[in-house]
Amino acid sequence: MASGDSDIPGKMDNLNIENDGNASQNGDENVTPAEFSLMRKALRSKLIHTTNQVDVFQNDPNNPLYSVKSFEALNIPEELIRGIYDMGFSKPSRIQETALPLLLDKHRTNLIAQSQSGTGKTAAFILASLYRVDVSQQEPQIIILSPTYELALQTGEVAKQMAKYKPEITIRYVIRGETLPRNTKIAEHILIGTPGKMIDWALKYNFFNIKKISVFVLDEADVMIDTQGLRAQSIRLKQYLPKSCQMMLFSATYSDEIMDFARQIIPDPVVILKLRLEEQSLDNINQYYIVVRNEEEKYEALTNLFGTVAIGQAFIFCETKISASRLVQQLRKDGHSVGLISGDLTVEQRNEALRRFRDGQERVIVATNVMARGIDVEQVTIVINYDLPTNPETRNIDFDTYLHRIGRTGRFGKEGLAINFVDGDRTMQMIRQLEEHFKRPIKKLDATDVDEIEKIGNDM
Ligand SMILES: Nc1ncnc2c1ncn2[C@@H]1O[C@H](COP(=O)(O)OP(=O)(O)OP(=O)(O)O)[C@@H](O)[C@H]1O
């Protein structure tokens with residue numbers, strides 16, 4: 001049995017989402033960093049633009065750095081350009097502007113790149129990998145390591161899309177469930193898989209010659225080091241690679257631990273960092289609260305909103321998985337088409353719900369607090385706090401989670417709408433605290449005032 005099976009997700013009990021450690025507060029929802037990463041990808045339909053400059057660190061001052069403003073300027077085969085345009089990209093993203101010239105240059109620069117999720121890292125290393133393939137050789141030349149089975153599949157999908165007009169480039173997954181007869185020699189050029197299985201295929205079964213690998217990519221380094229065993233396996237694999245192999249490592253977050261790991265894997269790297277995450281802000285969000293007397297009124301007010309506001313896409317947040325799933329059941333019973341995202345669902349079910357939402361098949365998602373921390377909801381126009389976010393220990397209002405739920409990063413200047421439900425003195429006091437804390441008014445909305453609700457909807 002291949003030791004690659006150690007990559008089965010869901011084994012971790014030590015949650016650490018975006019390094020804020022917050023998820024463990026709601027320990028009944030066990031979601032791993034790898035699962036969050038997948039959820040972000042499932043939900044994302046486009047590039048996240050950031051205004052931040054990138055910082056580049058390199059040891060060799062003679063190595064001139066340049067950035068590209070167009071894909072044509074990269075001197076890559078026309079088929080790859082066509083593939084990129086077919087994916088809807090018109091020009092390189094911020095991180096790609098700097099990373100691609102380095103990745104494609106004749107010095108085969110090694111790279112460590114950190115940039116927030118959704119900024120175009122995957123597309124960058126896929127392009128570099130496709131560019132490096134020598135199609136005259138029918139053997140593996142590129143290894144791409146992902147932390148889990150699902151993330152590897154996701155990366156493979158991107159590679160297949162980009163290589164659409166270069167069908168002579170071949171790709172093989174090295175993930176659980178894949179088996180080969182003994183003495184097989186793999187002919188595919190690009191191997192995408194998890195560390196344990198890759199080690200087995202390279203070193204135990206000799207399905208390919210690791211000395212022929214010319215590009216090694218380690219993706220999602222932050223997720224990798226969070227998962228027992230993957231770090232050691234990655235380092236082990238790296239030790240067998242030829243010296244001439246170009247190595248690159250990508251991470252969405254930054255920490256000393258990640259950098260230590262990165263430097264153990266990548267010799268002599270150029271390091272690209274986009275350290276500062278853009279601040280979430282409430283500047284473009286219109287915030288309201290609706291007062292209700294009991295659960296029935298609350299539910300009625302919610303469905304009233306659905307009926308009146310031509311909501312683009314909405315997220316509804318509940319405090320617990322039980323309340324979230326009850327609400328979904330009720331809404332579905334009443335004929336509303338809503339998706340649910342909670343820790344009770346399988347990875348596949350959650351991602352399927354997010355994909356349906358992303359593709360507009362469902363315009364409402366009900367989610368729990370834990371889920372809110374792990375995914376960003378940039379494209380959502382309405383956020384409804386069915387339950388206000390509270391700290392599970394103190395039961396006080398949780399300002400950070402509130403901001404994370406409804407805030408937007410600067411670039412997304414679009415207007416957003418946040419609606420909070422108030423069902424007593426305690427929640428009313430929380431609204432006042434939020435106003436005080438963020439120095440922004442939260443206006444009262446009468447759930448039965450159809451004209452006003454319509455007006456809000458039209459203003460968006
Ligand atoms: N140059 C580009 N122009 C337009 N869209 C792009 C560009 N590069 C990537 N994208 C798209 O932006 C989204 C995010 O890109 P990508 O997955 O490469 O980001 P990432 O930084 O690797 O994210 P993660 O850290 O979650 O893996 C994808 O939908 C991708 O197709």
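Guide: Two strands pair if DSSP finds at least two bridges between them. Strands (E, at least two residues) and helices (H or I, at least four) are DSSP runs, numbered from the N terminus. The model is predicted: local features need pLDDT of at least 70, side-chain atom pairs count only at pLDDT 80 or more, and totals for chains, interfaces and linings use all residues. Residues are numbered from 1 along each chain as its sequence is written, and side-chain values use heavy atoms, without hydrogens and water.

Visitor: What makes strand β14 and strand β16 a pair?

Guide: Strand β14 (residues 382-385) and strand β16 (residues 416-422) share four bridges, in the parallel sense. The cut-off is at least two, so they pair. I384 faces I419 of β16.

Visitor: Which sheet holds them, and in what order?

Guide: An open sheet of seven strands, paired in parallel: β12-β13-β11-β14-β16-β10-β17.

Visitor: Why are β12 and β17 called edges?

Guide: β12 (338-341) and β17 (443-444) each have a single partner strand, so one side of each lacks a neighbour in the sheet.

Visitor: Why is α4 called oblique to α5?

Guide: The axes of α4 (residues 121-132) and α5 (residues 149-162) cross at roughly 55° and come within 10 Å. Angles under 35 degrees count as roughly parallel, over 145 as roughly antiparallel, 65 to 115 as roughly perpendicular, and the rest as oblique. That makes α4 oblique to α5.

Visitor: Which residues make the contact?

Guide: Contact means heavy atoms within 4.5 Å. From α4 come T122, A123, F125, I126, L127 and L130; from α5, T155, V158, A159 and M162.

Notes
Axes are lines fitted to C-alpha atoms, for helices over the stretch in contact, and angles run from 0 to 180 degrees between N-to-C directions.
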